[in-house]
Amino acid sequence: MNLLQEFLFNPPEYKIPLDQPPLEVLPQWGRWIETPEMMVAIIPPGKLEVNLRSPLNLVVTSFGVSSGVAAFNTDRLQPYQALPGGFDIVPQGSTYSSVEDASCFVVFGYSPSFLSRIVKVEAEGQMIELQPGQIPKTHWGLNVAIAMQEFFDNGQLGGVFYLESVATAVLGKIIYRRSNLSGQLKRPPEYLDPNILKFAIEYIRAHLPQALSLNHIASKVGFSPYHFARAFKATTGLSPYQYVLRCRLQLAQQLLQNQSKSLVEIAVETGFGNQSHMTSVFRRMLNTTPKHYRQESGILDLHDQGYFHH
């Protein structure tokens, strides 16, 4: 959780005039969260004028309809419309200009290192380059926007691991649909081999107190993050993030039986990072708090509630 930095920018207007050279840094609008390798921002609705040369690989999806004129890596402005759940792609170093009435939208910004590893195994050494332009609306895209809104509103519940998981899923789909490797990447296994799954689960359980990441777990079994996450969920019914969360919750339930351990100590030992995060997860998943769980008796454990099916 401590790797996330949040910023809130409230400028009087959202404007980078088109008669000025393209801005080389991202405009400071809206509500931002940054990690060392990526950022995500939620920009409120309004009249927008943008003239930007992107310092990151940008992927944008909106909650509503935006319309106006726009230019992706060209000087020619054309009629523009963005629908809920669609995606705009602005690769690093490319330009984007627009004058539009914008709905609330979510911006993902990826560093070159984040981009390069998403499907690194399947790319077999080839460079990955996103292609500027638009992808039509999808229900999945709108769900992504809603998930990020909830992430901001719920105090960043899930931290870096959750943000990394959503960002990886978004970028993986974009690479397959709008990059120089679209249609060329070999299809990876749909399910995890039992031995690989066993190793991944054992690794997760052995390292719960640590700051686990999707990329780190995937690299241990020789998968790209995007494909490991997809295959893990297809095999287990849970995303890697959901599985880690449930393992931590199960371990916390066990440690709470020890009356001598403080809630702060248990939060650290289970990898929640702090007591507040652990309490939020208990409330959401068990409808109680760690303190009340310790006091109460006869509460079903996670196995009885059907969280684990392996």
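How many aromatic pairs does a search of the whole structure find? The search finds 17.

1. Basis. This is a predicted model, in which local features need pLDDT of at least 70 and side-chain atom pairs count only at pLDDT 80 or more, while totals for chains, interfaces and linings use all residues. Residues are numbered from 1 along each chain as its sequence is written, and side-chain values use heavy atoms, with hydrogens and water left out.

2. Terms for rings. A pair of aromatic rings is described by the distance of the centres and the angle of the planes. Rings of Phe, Tyr and Trp (for Trp, the six-membered ring) pair if their centres lie within 6.5 Å; planes under 30 degrees apart count as stacked, over 60 as edge-to-face and the rest as tilted.

3. Phe 9 and Trp 32. Helices (H or I, at least four residues) and strands (E, at least two) are DSSP runs, numbered from the N terminus. Phe 9 counts as partly exposed because its relative accessibility is 21%, whereas Trp 32, at 7%, counts as buried. Buried means under 20% relative accessible area, exposed over 50%, and partly exposed in between (1.4 Å probe, protein chains only).

4. Phe 228 and Phe 232. These two rings form a tilted pair, with 5.6 Å centre to centre and 50 degrees between the planes. Both residues lie in helix α7 (residues 225-236), 4 residues apart, about one turn of the helix. Phe 228 is buried at a relative accessible area of 0%, and Phe 232 is buried at 0%.

5. Ring cluster. Phe 151, Phe 152, Phe 161, Tyr 162 and Tyr 241 are linked by ring pairs into a cluster.

6. Charges over rings. The charged end of Arg 117 sits over the ring of Phe 114, 4.8 Å from its centre. Lys 173 lies over the face of Trp 140, at 4.8 Å from the ring centre. The criterion is NZ of Lys or CZ of Arg within 6 Å of the ring centre and within 35 degrees of the ring normal.

7. Gly 85. This residue is in the loop between β8 (78-82) and β9 (87-90), and is buried, with a relative accessible area of 0%. Not counting residues up to four places away in sequence, Gly 85 touches Thr 61, Ser 62, Pro 136, Lys 137, Thr 138, Gly 141 and Leu 142 (contact means heavy atoms within 4.5 Å).
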